[in-house]
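This briefing is intended for a reader meeting the structure for the first time.

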Amino acid sequence: MSEPKENVLMEKIVSLCKRRGFVYQSSEIYGGIQGFWDYGPLGAELKRNVKELWWSTMTRLRDDVVGLEATIIMAPQIWRASGHVDTFCDPMSDCLLTKKRFRSDQVEAQSGVAYHYAGARDSVSGKQVTDAFAVLLPAGKPPESARKTATQFYQQRGLENIELLGERTEKVENSQRFNPENGSLLTEPRPFNLMFKTYVGPVESEDGIAYLRPETAQAIFAQFKNVLETSRQKVPFGIAQTGKAFRNEVTPRNFTFRSREFEQMELEFFIKPDEAVEVITGSVATPKRAGHPGEPEANWGWQLWHQYWVEERIKFYEGIGLPRTTLEEYWQKPEELAHYARACVDILFKFPFGTQELEGIAARSDFDLSQHERFSGKSMGVFDEELRTAWAKLDDAKKSDVSKRYYEARLKYLTKVGVEQAKAEKDAKEDAEGLAKGQYIPHVIEPSAGVDRLILALVANAYSEVTSTDDKGKSETRVVMKFHPRVAPIKIGIFPLLKNKPEIVAKAKEIFASLRTQMMAFYDDGGAIGRRYARQDEAGTPYCVTVDFDTMGEKPELLNTVTIRHRDDGRQERLPIAELAGWLQARIR
RNA sequence: GCGGGCGUAGCUCAAUGGUAGAGUUCCAGUCUUCCAAACUGGCCACGCGGGUUCGAUUCCCGCCGCCCGCUCCA
């Protein structure tokens, strides 16, 4: 699993990130803080580029997606409706003997006789330990085995010649307090709340408790009706949002991969329930083959929409320089799916520390909007004129068939979330009647990506080393960050060939002044030309131009031209200064 | 949260119970005709806090952080 070589690569990447100003540890001068990372000058540009590309791909270049920018702290009821208050708060217990960790509520219940000990004493040194311990034995097993386990426990605490103290027994029925594997007592269940808590208002009282959002998505659901009414969009359409989210991870690991403060890029794409599609178009289209299904059609059911977004997202990754060979698709198995999800595809990237998730594309049915409808008491349904018109033209058999299926789907949701049977049936019936009038709660496809993970993937993918040997036989290794020009932090480096020739310097500065209004450009006249190229290679700058004597007209036919040097192969070509901006724009867009 | 390893310039690595040294990077300068050239000068470090000691970067303890494993990952 953890080849030393992969570790070394990760260490090099972390080191380069710091050296070149991509990523620093947060609060480093105070010793750092676990799970928090800052982006330096190059990292900030890289991240901005990635977010802007996502934003324009997902919203500006599409007719059917609009944006939202919601607050990080929202009404705490949102997190009850979404389920985060419950599922983010798992009680945990550790085995006192082996330190193995358990979800307290998922420990297999056991019965038998518990042997309690108040402590132990070393019969030779006289040293005493007063930690309490207990072992559960199945009924009928000899007490000796409990004493043996307890002896191990006290040996770990530094005693050698164990004399157990205060043994007493107790009958235990269906207890979850003992390790099923060895009978050892577990620690008291301790809550692990993964949501960061804070207080709104000056008084830190229970009433003021609020949470930093653990995902950006819920705001989209909470604002769904407002966006629908003000954006002139109709289902199917999407709402996109990027922003910070916070999770108090048990173990932040792998550099920035699992951070406690991180940024997400999420789309909630709302679609009609399959029953509505069927009524309107006569039948529901389902996936025919793997790969991109093409431009959306009115008869697409949720499965085609899901496949469409998986392929759109992979296309996006390819477009910013993550080849398909570095990615993996993982279709979650039915038993792995969250209870509300119908399907979920993870897009994974082959990180040096393992193949890990970049983005999840979940088909979440109408779960989220339904939850907010129940918890807020506000309708999350939409009215669909097309559906009402089409419904009127159906024959009675079809009406009753579709109606029944919609009723069953709604009933299934309502009973699953714990609505009492009689009320669930009544509500599901109302929902089915609503469908006949053109009303439904939209279903949703959710492509949800982690910005920081993507940055790390781009950095890992770009990292490459070039070893060259000079004529003295001394070899050295240089790092080249092969970012796609679209995401590269600096697009162009501009150098005067010589620093001490004022006219060359002035010309280079002139080019810099003109290009920097259009793209991230960097002027450098420090050190030898080769050193400047090497510095830009480490920053991942795809192109560098150099102003030389020919630019100034030493060879008249080359007047006002510059050399442009390619990062990945060192190749150079000559271009008129006037064409430079256009040449670059064509490559960084 | 548990167990193991680690913590010296930005980076790579030394030495030491008695005021920390090199290479490289970086900055300034001389010199320059396209891939980390040379020379000169300069900046910069014992993670933090206790303890032992006349004196601690070195020994001990605690904390913090990083790496690995366990656990967790809606």
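The surface near RNA strand B comprises 16 nonpolar, 18 polar and 18 charged residues. The model is a predicted one.

**Surface near RNA strand B**

- There are 52 residues around RNA strand B, and those that come nearest are Gly31, Lys99, Arg101, Ala338 and Gly530.
- Two or more residues of this surface are given by each of the helices α1 (4–20), α4 (84–87) and α16 (529–539), and likewise by each of the strands β4 (89–94), β5 (101–103), β24 (475–481) and β28 (561–566).
- The element that gives the most to the surface near RNA strand B is α16, with 7 residues.

**Helix packing**

- Two packed helices are described by the angle between their axes and the distance between the axes.
- Helix α2 (residues 41–60) packs with helix α14 (residues 451–462) at an angle of about 115°, and their axes are 10 Å apart.
- With that angle, α2 is roughly perpendicular to α14, and the crossing of the two helices is right-handed.
- Helix α8 (residues 274–281) and helix α12 (residues 396–416) cross at roughly 165°, with axes that come within 10 Å.
- Because angles over 145 degrees count as roughly antiparallel, α8 is roughly antiparallel to α12; the crossing in which α8 passes α12 is left-handed.
- Helix α12 also packs with helix α13 (residues 421–436), at an angle of about 140° and with the axes 8 Å apart.
- The helices α12 and α13 are therefore oblique to each other, and their crossing is right-handed.

**A cis peptide bond**

- The peptide bond that runs from Val235 to Pro236 is cis, and its omega is near 5°.
- Pro236 is located in the loop between α7 (224–231) and β15 (237–246).

**Positive phi values in loops**

- Phe255 is a residue other than glycine with a positive phi, near 55°.
- The loop that holds Phe255 lies between β15 and β16 (261–271).
- Phe255 counts as buried because it has 22 C-beta neighbours inside 10 Å, where 20 or more are needed.
- Ser365 is not a glycine either, yet its phi is positive, at about 50°.
- Ser365 belongs to the loop between β19 (354–363) and α10 (367–376).
- With 22 other C-beta atoms within 10 Å, Ser365 is buried.

**Arg168**

- Arg168 is part of strand β11, which spans residues 168–175.
- Arg168 is exposed, because 10 other C-beta atoms lie within 10 Å and a residue with 12 or fewer is classed in this way.
- Arg168 and Ala134 are 34 residues apart along the chain, and their C-alpha atoms are separated by 9.4 Å.

Definitions and conventions: Residues are numbered from 1 along each chain as its sequence is written. Chains are lettered from A and ligands numbered from 1 in the order in which they are written. This is a predicted model: local features need pLDDT of at least 70, side-chain atom pairs count only at pLDDT 80 or more; totals for chains, interfaces and linings use all residues. A residue is near a molecule or strand if its C-beta atom, placed from the backbone, lies within 6 Å of it. Helices (H or I, at least four residues) and strands (E, at least two) are DSSP runs, numbered from the N terminus. Ala, Val, Leu, Ile, Met, Phe, Trp, Tyr, Cys and Pro count as nonpolar, Asp, Glu, Lys and Arg as charged, and the others, Gly among them, as polar. Axes are lines fitted to C-alpha atoms, for helices over the stretch in contact, and angles run from 0 to 180 degrees between N-to-C directions. Angles under 35 degrees count as roughly parallel, over 145 as roughly antiparallel, 65 to 115 as roughly perpendicular and the rest as oblique. A crossing is left-handed if the near helix is turned anticlockwise from the far one by less than a right angle, and right-handed if clockwise.
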